[in-house]
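I wanted notes on one helix: its length, its surroundings and its packing. The entries follow the order in which I looked things up.

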Amino acid sequence: MRIVVVGTGFAGAALVREFAARGHDVVAVSRSAAGTWPAGVSSVPGTVYDPSFASRMASDADVLAVALPALSAEGGIVASVRALLPAISRRVRLGIVGGSAVLPLRAGGPRLGDTDSFPAALRPRVTAHQQALDTLAASPDEIDWFVLVPAAEFGPHAPGTRRGTYRTSRTALVSDANGRSAIGVEDYASAFADEIEAPTTHRSWLTVGY
């Protein structure tokens, strides 16, 4: 399977390594093409905000995995989704690294980003991820997309170590018996790869945690 990973930061780099370890044909896309990758990974400089580049990457891919920040000078996750959708054909699957704050901590509850304890400074990121979801939901029916949302504790500050296990949910963030919602980046990447290899989620989100 040919997988193009757009964005090679914290999550994107983990996706590149996981996909390569599973024997896929992986293309890592970033502005600088910087990074040290496993043998066989192609590193390509470029930006999805360039329509011709986006079309070229999509035309040669089975899967586009997007791991871009919620906010950026170019418009972040919303602008990247809007730039990629016109380039995607019926045969290309689109996978997005989501943001946990758009989901509730428990089924039927408020979004994590709407709770009193959620930092106000981070709320623009919540808006961006929600707008990306809304844009995807409004896309043509033939576009097969999914958003894999990590648990609340996820990021460079909490990289975790590989456990080789995870749980998923379609109603709320996954939490353990103590109410902690967390996932390490390697297990997140494993869940993303599993969803690509054995799809269960179409035109919707899925969340993953321990």
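Entry 1, length. The model is a predicted one. I began with helix α1, residues 10-21. At 1.5 Å a residue, its twelve residues should span 16 Å, and I found the end C-alpha atoms 17 Å apart, which agrees.

I took buried as under 20% relative accessible area. Nine of the twelve residues of α1 are buried, so the helix is largely enclosed by the rest of the structure. I listed the buried ones as Ala 11, Gly 12, Ala 13, Ala 14, Leu 15, Val 16, Glu 18, Phe 19 and Ala 20.

I then asked what covers the buried residues of α1. The cover includes the strands β1 (2-6), β2 (25-30), β4 (63-66) and β5 (93-97), along with helix α5 (185-197).

Two packed helices are described by the angle between their axes and the distance between the axes. For α1 and α5 I noted that the axes come within 9 Å and cross at roughly 60 degrees. The two helices are therefore oblique to each other. I recorded the crossing as right-handed.

From α1, I found Phe 10, Ala 11, Ala 14, Leu 15, Glu 18 and Phe 19 in the contact. On the α5 side they meet Val 185, Glu 186, Tyr 188, Ala 189, Ser 190, Phe 192, Ala 193 and Ile 196. The residues of this contact divide into eleven nonpolar, one polar and two charged.

Last, I looked just past α1, where Gly 23 takes a positive phi of about 90 degrees.

Technical notes: Residues are numbered from 1 along each chain as its sequence is written. This is a predicted model: local features need pLDDT of at least 70, side-chain atom pairs count only at pLDDT 80 or more; totals for chains, interfaces and linings use all residues. Side-chain values use heavy atoms; hydrogens and water are left out. Helices (H or I, at least four residues) and strands (E, at least two) are DSSP runs, numbered from the N terminus. The expected span of a helix is 1.5 Å times one less than its number of residues. Buried means under 20% relative accessible area, exposed over 50%, partly exposed in between (1.4 Å probe, protein chains only). Contact means heavy atoms within 4.5 Å. Axes are lines fitted to C-alpha atoms, for helices over the stretch in contact, and angles run from 0 to 180 degrees between N-to-C directions. Angles under 35 degrees count as roughly parallel, over 145 as roughly antiparallel, 65 to 115 as roughly perpendicular and the rest as oblique. A crossing is left-handed if the near helix is turned anticlockwise from the far one by less than a right angle, and right-handed if clockwise. Ala, Val, Leu, Ile, Met, Phe, Trp, Tyr, Cys and Pro count as nonpolar, Asp, Glu, Lys and Arg as charged, and the others, Gly among them, as polar.
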